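I am opening a notebook on a structure that is new to me. The entries below follow the order in which I looked things up.

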Amino acid sequence: MEASNVPALRQQGAVTAQSAGPKSGEYLTFRLGSEEYGIDILKVQEIRSYEAPTRIANAPDFIKGVVNLRGVIVPIVDLRLKLGCPSAEYNSFTVVIVLNVKNRVVGAVVDSVSDVLELSRDAIKPAPELNTSSVDTSFITGIGSVAERMLILMDIEGLMSSAEMGLMDAAIAA
């Protein structure tokens with residue numbers, strides 16, 4: 001599409017405002033299997049090595065349990081299981097990204113952390129729209145391109161506070 005057509009399309013409502021899309025900024029990148037993901041660095045409290053959590057009875061498979069982090073009980077979510085990736089062996093590269101989501105501390109298990117990248121709005125493309133009920137893309141905010149790398153940018157706050165996760169009270173998540 002030519003740039004000259006964009007203002008006319010905006011007037012017709014065919015192009016959404018840029019503020020609705022992913023924003024530029026710094027993203028912590030991590031791996032789940034062969035895929036690389038990015039989350040807003042401002043949601044990250046710290047990165048810790050993986051330690052086996054205390055299991056919670058009747059919790060969904062993706063909630064591995066809880067750990068005591070300096071007096072705070074933190075639920076640990078395995079993002080591989082939550083996102084339907086094949087499960088992986090926990091090894092020396094496995095880490096827990098400790099997140100602050102809606103004033104609640106939550107841990108996310110990932111295969112490894114790569115780095116922190118600054119992405120401009122131009123480097124971020126909109127998330128694909130898939131017309132199938134079997135694929136939930138609601139937590140994908142965009143696809144970042146850096147050289148030959150493709151990053152799946154996630155709304156980690158939206159994912160962790162979703163009702164199906166069961167980690168937040170309904171009043172907090174709203």
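I began with Arg80, which counts as buried at 9% relative accessibility; buried means under 20% relative accessible area, exposed over 50% and partly exposed in between, with a 1.4 Å probe and protein chains only. The model is predicted, so I note that local features need pLDDT of at least 70 and side-chain atom pairs count only at pLDDT 80 or more, while totals for chains, interfaces and linings use all residues. Residues are numbered from 1 along each chain as its sequence is written, and side-chain values use heavy atoms, with hydrogens and water left out.

Which residue forms a salt bridge with Arg80? I found Asp111, with the closest N and O atoms 2.8 Å apart. A salt bridge here is a side-chain nitrogen of Lys or Arg within 4 Å of a carboxyl oxygen of Asp or Glu. The pair links distant parts of the chain, 31 residues apart: Arg80 is in helix H2 (residues 79-82), and Asp111 is in the loop between strand E7 (104-110) and strand E8 (112-119). Helices (H or I, at least four residues) and strands (E, at least two) are DSSP runs, numbered from the N terminus. Asp111 also counts as buried, at 18% relative accessibility.

I searched the whole structure and noted eight salt bridges. One of them joins Glu36 to Arg149, with 2.5 Å between the closest N and O atoms. This pair also links distant parts of the chain: Glu36 is in strand E2 (residues 35-40) and Arg149 in strand E11 (residues 149-154), 113 residues apart. Is Glu36 buried or exposed? Glu36 is buried, at 6% relative accessible area, whereas Arg149 is partly exposed, at 28%.

I also looked up Arg48, which forms a salt bridge with Glu46; their closest N and O atoms are 3.7 Å apart. Arg48 counts as partly exposed at 28% relative accessibility, and Glu46 is buried at 18%.

I noted four helices and eleven strands in the protein chain. The chain has 174 residues, and buried ones make up 38% of them. Taking contacts with a separation of 6 or more, I found that 55% are between residues 24 or more positions apart; contact means heavy atoms within 4.5 Å. The chain exposes about 10,300 Å², of which carbon and sulfur atoms supply 50%. Accessible areas come from the Shrake-Rupley method with a 1.4 Å probe, and for residues only the protein chains shown count as cover.

I traced an open sheet in the order E3-E6-E7-E5-E4, with mixed pairing; two strands pair if DSSP finds at least two bridges between them. Strand E3 (44-49) and strand E4 (63-69) each have a single partner strand, so one side of each is left without a neighbour in the sheet. Neighbouring strands are turned by 30 degrees against each other on average, direction ignored. For such angles, axes are lines fitted to C-alpha atoms, for helices over the stretch in contact, and angles run from 0 to 180 degrees between N-to-C directions.

E3 pairs with strand E6 (residues 95-101) in the antiparallel sense over five bridges, and Val44 has Leu99 in E6 as its bridge partner. In E5, Ile73 stands opposite Asn68. The hairpin of E4 and E5 has two residues between the strands, and Arg70 takes a positive phi near 50 degrees there. I also noted that five of the seven residues of E4 are buried, so E4 is largely enclosed by the rest of the structure.

E9 pairs with strand E10 (residues 140-146) in the antiparallel sense over three bridges, and Pro126 stands opposite Gly142 in E10.

Tyr27 lies in strand E1 (residues 25-32) and counts as buried at 6% relative accessibility. Not counting residues up to four places away in sequence, Tyr27 touches several residues, among them Gly38, Asp115, Leu119 and Leu153. The C-alpha atoms of Tyr27 and Leu119 are separated by 7.4 Å, although the two are 92 residues apart along the chain.
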